[in-house]
Amino acid sequence: MTSLLLMSDNTNWLRELRKNLPNISIQHYPDLTKPEEIEFALVWNPKIGVLADLPNLKVIFSIGAGVDHILKDSSIPKKIPIIRMSDPFQHKMVAEYTLLTVLYVHRNIDVILRNNINKIWTEQTAKYTPNYTVGVLGLGNIGKSISEKMHSVGFSVLGWSRSKKDLNGVETFSGSEELKNMIPRCDYLICALPLTKETKGIINQTFLRIMKKDATLINIGRGEHIQEQDLLNFIDKVPLKRVFLDVFPKEPLEKSHPFWTHPKIFVTPHMAGEILPESAVFSVKKGIEKFQTGNSLENIYDRGKGY
Ligand code: NDP
């Protein structure tokens, strides 16, 4: 019988896999009863060497949009495809998180919170949303979902990706020259890029210097997209209005980190989008069915591109 190896402490995965993949036996690490039957692996932070030892492993599914936790095991044969998790519920969650942060600033919630403490009733001047621009860096699974959400609320939306895109309601840009034209137009800039050699440290002083005055920066990509010292140096000089950071090079963020106490920085604990087995199991199921019927797999990690 075909088996799937689950390497995750989240036992909800076990429940959902058993319920939704009745024809596949699930072996939950470390209880490998028949390693030779394992064709599929669904993993988070796999123990080094375990996957390479499975003689019939065909496909590895990542419990996460990123695959860095798998790549740190260099013993895994490169011919085995690694599938990045692409779960519509997670995409929706991330889009909702970014909408929350954008509306927090757009509807002056900072001011309202302060006024509440002091029991002050001050009418707020309404803003005409279409006159405000949201820029999205990265137009993949997550970036597309964010762009659609922002467009549906009425913002003008700009989006940047590696290859040129044609997306309803989004003015699209590609390449570094076009990025330079896009950044100064954005009132809200959201980073939804994968971490690669090209995107590491992309939000540096050159980037920050051309941001619009009073713009808001939101990073849900990876912590390493931001040059932290440049951000701290330029946050007041640019000047940025607010910065929401959900991801950090080292998580949890250390208590001594200056981001915690900077008045313009809002730290959230990598919560923008979760992978929930109740929903994500269907992406795994679809991937297995595609593989078993000889169809090409989607969301394969491309070692050349780095995402
Ligand atoms: P995808 O691989 O689906 O999309 C990546 C996008 O980035 C693509 O549009 C790609 O362009 C673009 N891109 C990549 N490299 C470049 C470059 N050098 N220049 C311009 N554009 C580039 O990724 P996802 O949408 O799944 O994930 C995006 C990020 O969100 C990841 O970092 C992921 O870890 C993070 N994430 C964070 C979560 C959280 O809770 N904070 C939750 C889920 C994801 P092209 O389309 O041309 O290939």
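**Around the ligand**

Visitor: How many residues surround the ligand, and which are the closest?
Guide: 28 residues surround the ligand, and the closest are Ile-142, Ser-163, Lys-165, Leu-193 and Tyr-307. A residue is near a molecule if one of its heavy atoms lies within 4 Å of it.

Visitor: What is this model based on?
Guide: This is a predicted model, where local features need pLDDT of at least 70, side-chain atom pairs count only at pLDDT 80 or more, and totals for chains, interfaces and linings use all residues. Residues are numbered from 1 along each chain as its sequence is written, and side-chain values use heavy atoms, with hydrogens and water left out.

Visitor: How do the shell residues divide into nonpolar, polar and charged?
Guide: There are 12 nonpolar, 10 polar and 6 charged residues in the shell around the ligand. Ala, Val, Leu, Ile, Met, Phe, Trp, Tyr, Cys and Pro count as nonpolar, Asp, Glu, Lys and Arg as charged, and the others, Gly among them, as polar.

Visitor: Which polar side-chain atom lies 2.6 Å from an oxygen atom of the ligand?
Guide: One that belongs to Ser-163. Arg-222 has a side-chain N or O atom 3.1 Å from a ligand oxygen. From Asn-141, a backbone N or O atom lies 3.1 Å from an oxygen atom of the ligand.

Visitor: And how much of the ligand's accessible area does the protein cover?
Guide: The protein covers 92% of the 940 Å² that the ligand has on its own. Accessible areas come from the Shrake-Rupley method with a 1.4 Å probe, and for residues only the protein chains shown count as cover.

Visitor: Which elements give two or more residues to that shell?
Guide: H3, H5 and strand E7 (156-161) do. Helices (H or I, at least four residues) and strands (E, at least two) are DSSP runs, numbered from the N terminus.

**Helix H3**

Visitor: How many residues has helix H3, and what span does it reach?
Guide: H3 (88-106) has 19 residues and reaches 26 Å from its first C-alpha to its last. That is close to the expected 27 Å. The expected span is 1.5 Å times one less than the number of residues.

Visitor: Which residues of H3 are buried?
Guide: Among them are Gln-90, His-91, Val-94, Tyr-97, Val-102 and His-106. Buried means under 20% relative accessible area, exposed over 50%, partly exposed in between (1.4 Å probe, protein chains only).

Visitor: What do they pack against?
Guide: Their partners include helix H4 (109-117), helix H5 (141-153) and strand E9 (188-191). Contact means heavy atoms within 4.5 Å.

Visitor: Where is Thr-129?
Guide: In the loop between H4 and strand E6 (133-137). Thr-129 counts as buried because its relative accessibility is 17%. Its side chain makes a polar contact with the side chain of His-106 (3.3 Å). A polar contact is a pair of N or O atoms within 3.5 Å; within protein, one must be able to donate a hydrogen and the other to accept it, and residues adjacent in sequence count only if both atoms are side-chain atoms.

Visitor: What comes just after H3?
Guide: Asn-108, with a positive phi of about 55°, although Asn-108 is not a glycine. Asn-108 sits in the loop between H3 and H4.

Visitor: What about the peptide bond from Tyr-29 to Pro-30, cis or trans?
Guide: That bond is cis, with omega near 10°. Pro-30 is in the loop between strand E2 (25-28) and strand E3 (38-43). The bond from Val-238 to Pro-239 is cis, with omega near -15°.
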